[in-house]
Amino acid sequence: MSALAHLGSTGGGAQAPGGAAPEPTKKGGFTAYLLLLPGVLWLLVFFVAPMVQLAAVSLQSQFPGYPGYYYRDVNFGSYLTAITEYLPHFGRSLLFAGAATLFAFVLAYPLAYAMAFKAGKWRGVMMICVIAPFFTSFILRTVAWRQILADEGPIASTLRFLHLLPGGHITETWVAVVAGLTYNFLPFMVLPIYASLERADPKIIEAGGDLYANGLTTFRRVTLPMSMPGVLAGTLLTFIPAAGDYVNAELLGSDTSTKMVGNVIESQFFKVLGGFPVAAALSFTLMAVILALVFLYVRRYGTEELL
Amino acid sequence: MGIFSKSTGGFREAKGDLILENVTKSFATFTAVDDLSLTVPRGSFFALLGPSGCGKTTTLRMVAGLEQPTAGRVKIGSTDLTGSRPYERPVNTVFQSYALFPHLTVRDNVAFGPKRRGVADAVAEANKTLELVQLSHLADRKPTQLSGGQQQRVAVARALVNHPEVLLLDEPLGALDLKLRREMQVELKRIQMEVGLTFVHVTHDQEEAMTMADTVAVMNLGKIEQMGAPEVLYDLPRTKFVANFLGQSNLLHGTVQGTDGDSVVIGSGDHKVKVRQARMATGEGGEAIFGVRPEKTRIHDTDPGPQLSGASIGPGTLLDVSFSGVATQYLVEIPGVGRWAVYEQNLDLDRIDNKPGDQVWISWNPGHAFGVRS
Ligand SMILES: Nc1ncnc2c1ncn2[C@@H]1O[C@H](COP(=O)(O)OP(=O)(O)OP(=O)(O)O)[C@@H](O)[C@H]1O
Ligand SMILES: [Mg+2]
């Protein structure tokens, strides 16, 4: 990076002796571009190039009679397959991710609120409790949930004993998958909400009470709207990775009825001969759907200038 | 009072003077407000003046209901408000940091209170109040798009629109520069006269308190030292703290040595000064502190003689002379007494040409002297 910057500056220096001193604004613009360069390069190499590659793969056609061999083409057949054959998986991805986001929000908001306003000296401890799980592998923690929710585990056997578990299982059901997603992405919901609440001036919340709003109304009219940037960030940080997740469905779900798009992509890439174009088409479609949803969501809730 | 009650539930209509009765507020080991009692007459402009940390904000917060007193009662007229919630009180606050709702427009900020109270045309009320503070043209902006002075006026409008029985202003002008401060002082006074509400204005700027208020209460260490009309307070401070916090005073620490007619004689070393009995606040054990304001004194380069005995002091050494056009300020070291200041308007035809190091005497009209408690 420094080598690049150095090259850039020599280039700029070479021009200077030729004429008058460069315009300050132009020079500023040049420096700004120079500073952008590392980021742009990074994006080109690690984002744009793979995207182009993925798009190319998704449009490939298969050599007839030679499974696993492709040629370059502009064939939208894989997209058709992706959408028609795997529609239920798309539905599940969005539904499970949506449910997990909702549950995470319901759990995270009171927690973040307590941390920001009620915790006092316990704030640090609570913060550590929220972050600590990150020190263990994501996979390992999900496997642990499989043990906790297993048929002979404490939760399932208690519920069964109380006749509250009609199917007899928690694992292998959508409940376990949504629970796993909720658990795994909860910190991504807590932290932004906490940050936005913690930044809110307590005097503004007091002003709500002073202006005839009781506790509940003050929360609804003042506290919640002021924390909306955090809620927005938290829901996006939860929903987007959850929609693309396959680990929870793999480890906690069933082989058939709870598979998400991520699971299909994974198996198309690694387990199905000749599945590359479909896997790539699935990835692109999922990305497009999420982008569209996020766009609508941010348009609806994110345009208000907040703080 | 539960969280499910309607927002207007429990609202107390109360009219009359604001009365604090023996109010105390303790935080753990620290007493921020100590057995404070005061009455603010309805419709008056009341200033609470005191140094940082003396308990002004805590007092206001107890009136607003944002804090509950450890002991004592808060009343408006005959209605006891102690223990009620902020949203149940006919009291509104202009916070020091304004505390405007950042997610709402100026108009919605102002309409917030009326909407919660279920006022039929909350927005129209808000518009009317914005007109009063001359901000109608900015009604659609967000608070962050306003200057400090504009935000301050929104904060005032947001409180005023509710026609509270008492309006609390916690150093509302603290964040403004001097020029804007002076403008807003006039503005606030105008608004108060126009709406006729009780204003309780907290400040640590003595000039602000004296120019704006009908009544000034000087607060120190959680107690009210003295309360009264600004002129009275300035002319006749009763404690040493007030004498020095409200303006400046030349003091002489001594003992009561007797009386002379209707005056008390206070002595310290070779110095003897007199205070009219009515202007004397005696301390314990005959200890007395004599005081006189610098602008009430004159400087002499010769002993003013026995006809001014008891109303003059000297000789002292002139330490500093600063000429400021309208007036000249002298600083005099009087042995055994301390440093006294003299402000003299430049009225003399032949200017006294005193220099630092000269021997000088100071005199005053005996009617201006006062005696304070420590
Ligand atoms: N919640 C609290 N817990 C403990 N001490 C407090 C609390 N609130 C205020 N105090 C203390 O009470 C004292 C009075 O505080 P207060 O805010 O009323 O002062 P103030 O007169 O408004 O000062 P300033 O002019 O600086 O605003 C201070 O010493 C402060 O440290
Ligand atoms: Mg204060």
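Start by selecting L236 of chain A, which sits in helix α11, residues 228-244 of chain A. Keep in mind throughout that this is a predicted model. Leave out the neighbours within four places in sequence, and L236(A) is in contact with P241(A), V294(A), Y297(A) and V298(A). Show those residues together with L236(A) to view the contacts. P192(A) and L236(A) are separated by 44 residues in sequence, while their C-alpha atoms are 10 Å apart in space.

Stay in chain A and select two helices: α3, residues 77-85, and α4, residues 87-118. Two packed helices are described by an angle and a distance, both taken between their axes. For α3(A) and α4(A), the angle is about 65° and the axes are 4 Å apart. How are α3(A) and α4(A) oriented to each other? Angles of 65 to 115 degrees count as roughly perpendicular, and α3(A) and α4(A) are therefore roughly perpendicular to each other.

Now show the side chains where these helices meet. From α3(A), pick A82(A), I83(A), T84(A) and E85(A); from α4(A), pick L87(A), P88(A) and F90(A). Sorted by class, this contact has five nonpolar residues, one polar and one charged.

Move to chain B and select ligand 1. Which residues are around ligand 1? They are F27(B), F30(B), A32(B), S52(B), G53(B), C54(B), G55(B), K56(B), T57(B), T58(B), E171(B) and H204(B). By class, this shell has four nonpolar, six polar and two charged residues.

An oxygen atom of the ligand lies 2.7 Å from a polar backbone atom of G53(B). For C54(B), the distance from a polar backbone atom to an oxygen atom of ligand 1 is 3.2 Å. For G55(B), the corresponding distance is 2.9 Å. Taken alone, ligand 1 exposes 640 Å², and the protein buries 61% of that.

Finally, colour β2 (30-40) and α1 (56-64) of chain B, the elements that give two or more residues to the shell around ligand 1. The largest share of the shell, three residues, comes from α1(B).

Terms used: Residues are numbered from 1 along each chain as its sequence is written. Chains are lettered from A and ligands numbered from 1 in the order in which they are written. This is a predicted model: local features need pLDDT of at least 70, side-chain atom pairs count only at pLDDT 80 or more; totals for chains, interfaces and linings use all residues. Side-chain values use heavy atoms; hydrogens and water are left out. Axes are lines fitted to C-alpha atoms, for helices over the stretch in contact, and angles run from 0 to 180 degrees between N-to-C directions. Angles under 35 degrees count as roughly parallel, over 145 as roughly antiparallel, 65 to 115 as roughly perpendicular and the rest as oblique. Contact means heavy atoms within 4.5 Å. Ala, Val, Leu, Ile, Met, Phe, Trp, Tyr, Cys and Pro count as nonpolar, Asp, Glu, Lys and Arg as charged, and the others, Gly among them, as polar. A residue is near a molecule or strand if one of its heavy atoms lies within 4 Å of it. A polar contact is a pair of N or O atoms within 3.5 Å; within protein, one must be able to donate a hydrogen and the other to accept it, and residues adjacent in sequence count only if both atoms are side-chain atoms. Accessible areas come from the Shrake-Rupley method with a 1.4 Å probe; for residues, only the protein chains shown count as cover.
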